[in-house]
Amino acid sequence: MFKRKILAFICTAIISAPIIGLFFMLIEGSTIRELPALIAFTSIYAIPVILLFGIPISILSDKMNNRIEGYKRVFFSLIVHLFFGTSFVVLLILILDSRFIFTNFNAFDSYFLVASTLISLIGWGMDEILRIYFRKKQET
């Protein structure tokens, strides 16, 4: 399982950094020349968070859903990934800004909320794809 989680982390980091960088470029109205800098900026912050927060949440999701099989397990795994991905940003905003998110929600907060949600979705997808791959590999 740990090998699958590390591979999912690497794939998530490789896929999500350009997507989030492109997302920031479109939102900010930046040019394509600024995209490499946005990808680098995204990577500097996203990769450690995915490593230190995403992998444990993915392991927790597996532990929570190990008795469920089929589409229900996939759905509940998605819910766990999205819940903790978005709650991470909400808690970070609450702790760092000392304010309630819904009373003073700004564009900066929404950038990170959308980015976190997308990264959670990509991480979940990578984990599910690798789960299928490793299961088929064991069968052969």
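## A buried pair: Arg-73 and Glu-128

Arg-73 and Glu-128 are both buried, a word used here for under 20% relative accessible area, with exposed meaning over 50% and partly exposed in between (1.4 Å probe, protein chains only). The side chains of these two residues meet in a salt bridge with an N to O distance of 2.7 Å, where a salt bridge is a side-chain nitrogen of Lys or Arg within 4 Å of a carboxyl oxygen of Asp or Glu. Because Arg-73 lies in helix 3 and Glu-128 in helix 4, the pair ties together parts that are 55 residues apart in sequence; helices (H or I, at least four residues) and strands (E, at least two) are DSSP runs, numbered from the N terminus.

This is a predicted model, in which local features need pLDDT of at least 70 and side-chain atom pairs count only at pLDDT 80 or more, while totals for chains, interfaces and linings use all residues. Residues are numbered from 1 along each chain as its sequence is written, and side-chain values use heavy atoms, with hydrogens and water left out.

Arg-73 belongs to helix 3, which covers residues 71–97, and its relative accessible area is 11%, so Arg-73 counts as buried. Apart from neighbours within four places in sequence, Arg-73 is in contact (heavy atoms within 4.5 Å) with Asn-65, Ile-68, Glu-128 and Arg-131.

Arg-131, one of these contacts, is itself buried, and its side chain meets that of Glu-128 in a salt bridge of 3.8 Å, N to O. Arg-131 and Glu-128 are separated by about one helical turn, because they stand three residues apart in helix 4.

The salt bridges in the model come to eight. A network of them links Arg-4, Lys-5, Asp-62, Arg-73, Asp-127, Glu-128 and Arg-131. Within this group, Asp-127 forms a salt bridge with Arg-4, and the closest N and O atoms are 3.0 Å apart. That pair links distant parts of the chain, with Asp-127 in helix 4 (residues 107–139) and Arg-4 in helix 1, 123 residues apart. Both Asp-127 and Arg-4 are buried.

Leu-7, Ile-10, Ile-14, Ile-15 and Ile-19 make a nonpolar surface patch of about 400 Å². Patches are made of residues with over 30% relative accessible area and no salt bridge, like charges being joined within 9 Å and nonpolar side chains (Val, Leu, Ile, Met, Phe, Trp, Tyr) within 5 Å, and accessible areas come from the Shrake-Rupley method with a 1.4 Å probe, with only the protein chains shown counting as cover for residues. Ile-14, one of the patch residues, is placed in helix 1 (residues 2–28) and counts as exposed because its relative accessibility is 58%.
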